[in-house]
Amino acid sequence: MKRYNLLIVLLLLIFNVTTAQKKNSPAADLSILKETKTKIENTVPMVIKHLQAIADKEGDNNIVTNGKTALGKEYGILESEWFLYRNNMKNCILNNSSKKAKKCMDYHTQYLRNTFINYNNYISNLTRKNGYLGVDGDTKFDFKPAEITTKLSEAYFNANDAAGRMKGDQKKEFLGQTMSEDNKLTSFGQLAQ
């Protein structure tokens with residue numbers, strides 16, 4: 001009889017260890033949202049600095065003014081998509097089964113990736129070496145759409161797993177953090193000063 005008790009205790013110990021590992025896994029880590037926000041925001045002053053170098057060379061401040069207007073439109077598109085992405089991903093997890101949530105999240109991540117690629121192409125073409133008016137300076141951005149969206153996707157898939165282990169209000173509160181002011185992009189007007 002003692003062998004069976006020992007076996008049961010051992011099985012319970014293994015079960016508790018694996019459950020504890022799940023609970024303490026990095027599944028609830030959505031810090032990639034703040035990192036992504038920072039990477040997006042950091043592109044604006046870099047592009048404006050490049051535009052200013054062109055304006056100084058040409059002696060025409062309209063280059064900066066017109067460039068800021070065009071960049072503001074591109075940033076605005078990205079700002080809208082960033083808000084929609086975070087909200088849609090939250091809703092994918094809250095309103096669907098795990099399998100449907102993953103399909104829903106894949107769809108929205110692909111859409112965000114396309115928006116990121118368009119923005120990246122715009123700022124890269126604007127600031128490439130020997131670009132517009134021969135101003136040197138190959139501006140390096142820490143903005144890689146595929147890498148960023150892969151990390152975002154992994155974080156949300158882990159969040160989906162974590163949310164599956166939570167109760168209703170706890171799940172809503174956990175996913176509600178994705179829409180916090182900390183993860184909202186700073187307006188273009190503030191960044192472009």
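The model is a predicted one.

Followed along the sequence, the elements give the pattern α-α-α-α-α-α-α. Of the 193 residues in the protein chain, 35% are buried. Among the contacts between residues at least 6 apart in sequence, 80% join residues at least 24 apart.

The packing of the helices may be taken up next. Two packed helices are described by the angle between their axes and by the distance between those axes. Helix α2 spans residues 32-58 and packs against α3 at an angle of about 170°, the two axes lying 9 Å apart. An angle over 145 degrees counts as roughly antiparallel, and α2 and α3 are therefore roughly antiparallel to each other. Sorted by class, the residues of the contact of α2 with α3 comprise 14 nonpolar, 3 polar and 5 charged.

Helix α2 also packs against α5, here at an angle of about 160° and with the axes 10 Å apart. This pair, too, is therefore roughly antiparallel. The crossing of α2 and α5 is left-handed. On the α2 side the contact is made by Ile32, Leu33, Thr36 and Lys39, and on the α5 side by Glu147, Ile148, Lys151, Leu152, Ala155 and Tyr156. By class, the residues of this contact of α2 with α5 are 6 nonpolar, 1 polar and 3 charged.

Helix α5, formed by residues 145-164, has a further partner in helix α6, formed by residues 168-176; the angle between them is about 160° and their axes are 9 Å apart. That angle makes α5 roughly antiparallel to α6. The crossing of α5 and α6 is right-handed, whereas α2 passes α5 in a left-handed crossing. Ala159, Ala162 and Ala163 of α5 meet Lys171, Phe174 and Leu175 of α6. The residues of this contact of α5 with α6 are 5 nonpolar, no polar and 1 charged.

Ala163 is placed in helix α5 and has a relative accessibility of 1%, so Ala163 counts as buried. Residues up to four places away in sequence aside, Ala163 touches Ile93, Lys171, Phe174 and Leu175. Lys171, Phe174 and Leu175 are the α6 residues named above in the contact with α5. Ala163 and Leu94 are 69 residues apart in sequence, yet their C-alpha atoms are 8.3 Å apart in space.

Asn160 is likewise found in helix α5. Is this residue buried or exposed? Its relative accessibility is 7%, and Asn160 therefore counts as buried. Not counting residues up to four places away in sequence, Asn160 touches Ile93, Ser98, Ala101, Lys102 and Met105.

How many disulfides does a search of the whole structure find? The search finds 1 disulfide. This disulfide joins Cys92 to Cys104, with an S to S distance of 1.8 Å. Cys92 lies in helix α3, residues 62-95, and Cys104 in helix α4, residues 98-127, so the pair ties together parts that are 12 residues apart in sequence. The torsion about the S-S bond of Cys92 and Cys104 is about -60°, and the disulfide is therefore left-handed. The surroundings of the two cysteines can be described by their accessibility. Cys92 has a relative accessible area of 2% and is buried. Cys104, at 21% relative accessibility, counts as partly exposed; the cut-off for a buried residue is under 20%.

Helix α4 also holds Thr115. Thr115 has a relative accessible area of 11%, and is therefore buried. Neighbours within four places in sequence aside, Thr115 is in contact with Ile77, Leu78 and Glu81.

In summary, helix α2 is packed roughly antiparallel to α3 and to α5, and α5 is roughly antiparallel to α6. The disulfide between Cys92 and Cys104 ties together parts that lie in α3 and α4.

Notes:
Residues are numbered from 1 along each chain as its sequence is written. This is a predicted model: local features need pLDDT of at least 70, side-chain atom pairs count only at pLDDT 80 or more; totals for chains, interfaces and linings use all residues. Side-chain values use heavy atoms; hydrogens and water are left out. Axes are lines fitted to C-alpha atoms, for helices over the stretch in contact, and angles run from 0 to 180 degrees between N-to-C directions. Helices (H or I, at least four residues) and strands (E, at least two) are DSSP runs, numbered from the N terminus. Angles under 35 degrees count as roughly parallel, over 145 as roughly antiparallel, 65 to 115 as roughly perpendicular and the rest as oblique. A crossing is left-handed if the near helix is turned anticlockwise from the far one by less than a right angle, and right-handed if clockwise. Contact means heavy atoms within 4.5 Å. Ala, Val, Leu, Ile, Met, Phe, Trp, Tyr, Cys and Pro count as nonpolar, Asp, Glu, Lys and Arg as charged, and the others, Gly among them, as polar. A disulfide is a pair of cysteine sulfur atoms within 2.5 Å. Buried means under 20% relative accessible area, exposed over 50%, partly exposed in between (1.4 Å probe, protein chains only).
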